[in-house]
Amino acid sequence: MRRSVRLRPLAFTVFAMITVLGAVALAFYMVNLSAEDVFLDREHNAAMAERQILTEAFELEGVPGLVTRMERRSRLAAPEAHYGLFDAAGRRIGGDLLAAPHRLPSGGWGQVESRTLAGPIALHATTERLPDGSLLVIGRDAAGQRDYESRTADGLLIALGIVVTASLGVGLLLNALVIQRANAVAGVAERIAAGDLGARAEVSERGDSFDRIGESLNRMLDRIEELLTGMRTVTDSLAHDLRTPLTRMRRAVEVALDPATSHGDCRDALESVSTELERVLSVFTALIDIARAESGLSREMMQPLRLDEMVVDLASLFAPVLEDAGQTLEIAPMAPLAMDGHEQLLRQAVGNLLFNAARHAGSGATVTLAVLSAPGRAEIVVADNGPGIPEADRGRVKDRFVRLDAARGGSGSGLGLSIVAAAAKLHGGELRLEDNRPGLRAVLTLVRGA
């Protein structure tokens, strides 16, 4: 039964909500501080300008002119503006303030207490002691600041509500999308677990994180399917190929155990068993070499080698084999070529290519051996002008236990080219079988520094 991915409600929005709330709280605090500073700076500047104007009025027109100016400004100014003029003894001369502040602001601007007809009032005020000893007070009601801060707070709360609502909506949408994509990946995994090796994750063109996960998952599934298919092929082919030698060994052992068998026939039977065992062991050895190469375990045996010298040495070893097959071996000029490689496996791979040429190119063929160098890679080429391999079969002959002989029971295990392909893979390259027009051109590509 398919189970959906379950996530707690708003699991993907918790962190975002905490972050948003923290940011808004910090913004709220900073904006409040800023609002207070802005309000006070504005009122301070206005009060200072008025103090300058009223002081000049006193100098020009005296106390009567100053009182007239104050009353006019009091009528025309905003409700939070307040004025007062008091004599040296603190008695009121003019303005709407009824009592002189007991504690004058330091630095020319500060908060003081006074009274109006409406009652006690807190002011942000500036004062000026005039030449005749009277005191000029110009203030702004502190309630105006509180109203300004209240409006700012209301705006921030509205903004907070919008941000929280938007974050919640986006979080829920992302939550649904992530669950949908996660369920799709989980569904593919469950199909694979149920035995459907052809299941693949859906990948869109957006290229987001889930698409990259899907691509990686699909590559992994392709590789797993390839390995499992190869394992089935190897198992089936191995069972088929070993049945014949094992049957022969059983018959030979039965002959050897028969009391009526002569000493010479018994010896021949045991030699037959030994021959068949050698064949079986060679098959298992080849399979182990292929497995180690394809899995990368043989990489630990990489060491510096001269590829040109190794190929020339192999040519000298196989020249008699090719000569016995009625063929001619030609070695193309080679430049010194050094690289890191698995020498034993490379020797076996090149030897297999030369042996295949000797076996299949036919009498009178010319076999050419060359080492080519290209930026970042090297190529070992074994070419002949024999009958070659049909294009339709060039891909499958590299698979294990594949032989193009009419009779499967002929000599050879069908692992020669598989070993060559595994050696190429270990060195980051590939085995290519091409048309030599006529004949076959086998190219073993090796990546230098792989």
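Mentor: Let us begin with a strand pair: β11 and strand β12 (residues 440-447) pair in the antiparallel sense over 6 bridges, and Glu-430 stands opposite Thr-445 in β12. Helices (H or I, at least four residues) and strands (E, at least two) are DSSP runs, numbered from the N terminus, and two strands pair if DSSP finds at least two bridges between them. Please keep in mind that this is a predicted model, in which local features need pLDDT of at least 70 and side-chain atom pairs count only at pLDDT 80 or more, while totals for chains, interfaces and linings use all residues. Residues are numbered from 1 along each chain as its sequence is written, and side-chain values use heavy atoms, with hydrogens and water left out.

Trainee: In what order do the strands form the open sheet?

Mentor: In general, strands of a sheet pair through backbone hydrogen bonds, either parallel or antiparallel. Here 5 strands form an open sheet with mixed pairing, in the order β7-β9-β10-β12-β11; β7 (328-331) and β11 (430-435) are the edge strands, each pairing on one side only.

Trainee: Which strands does α5 lie across?

Mentor: Contact means heavy atoms within 4.5 Å, and axes are lines fitted to C-alpha atoms, for helices over the stretch in contact, with angles from 0 to 180 degrees between N-to-C directions. Helix α5 lies across β7, β9 (366-374), β10 (377-384) and β12, and runs at about 175 degrees to β9. Helix α6 also packs on the sheet, where α6 touches β9, β10 and β12, and its direction makes about 175 degrees with that of β12.

Trainee: At roughly what angle do the axes of α5 and α6 cross?

Mentor: The axes of α5 (residues 307-324) and α6 (residues 343-360) cross at roughly 35 degrees and come within 10 Å. Among the residues that meet are Leu-307 and Phe-318 in α5, and Val-350 and Leu-354 in α6.

Trainee: Which residues touch the most other members of the largest nonpolar core?

Mentor: A nonpolar core is a set of buried Ala, Val, Leu, Ile, Met, Phe, Trp, Tyr and Cys residues joined through side-chain atoms within 4.5 Å, where buried means under 20% relative accessible area (1.4 Å probe, protein chains only). In the largest one, of 37 residues, they are Leu-307, Val-350, Ile-380 and Leu-444. Helix α6 gives the most to this core, with 8 residues. Leaving aside neighbours within four places in sequence, Leu-444 is in contact with residues including Leu-346, Val-350, Ile-380 and Val-420.

Methods: Buried means under 20% relative accessible area, exposed over 50%, partly exposed in between (1.4 Å probe, protein chains only).
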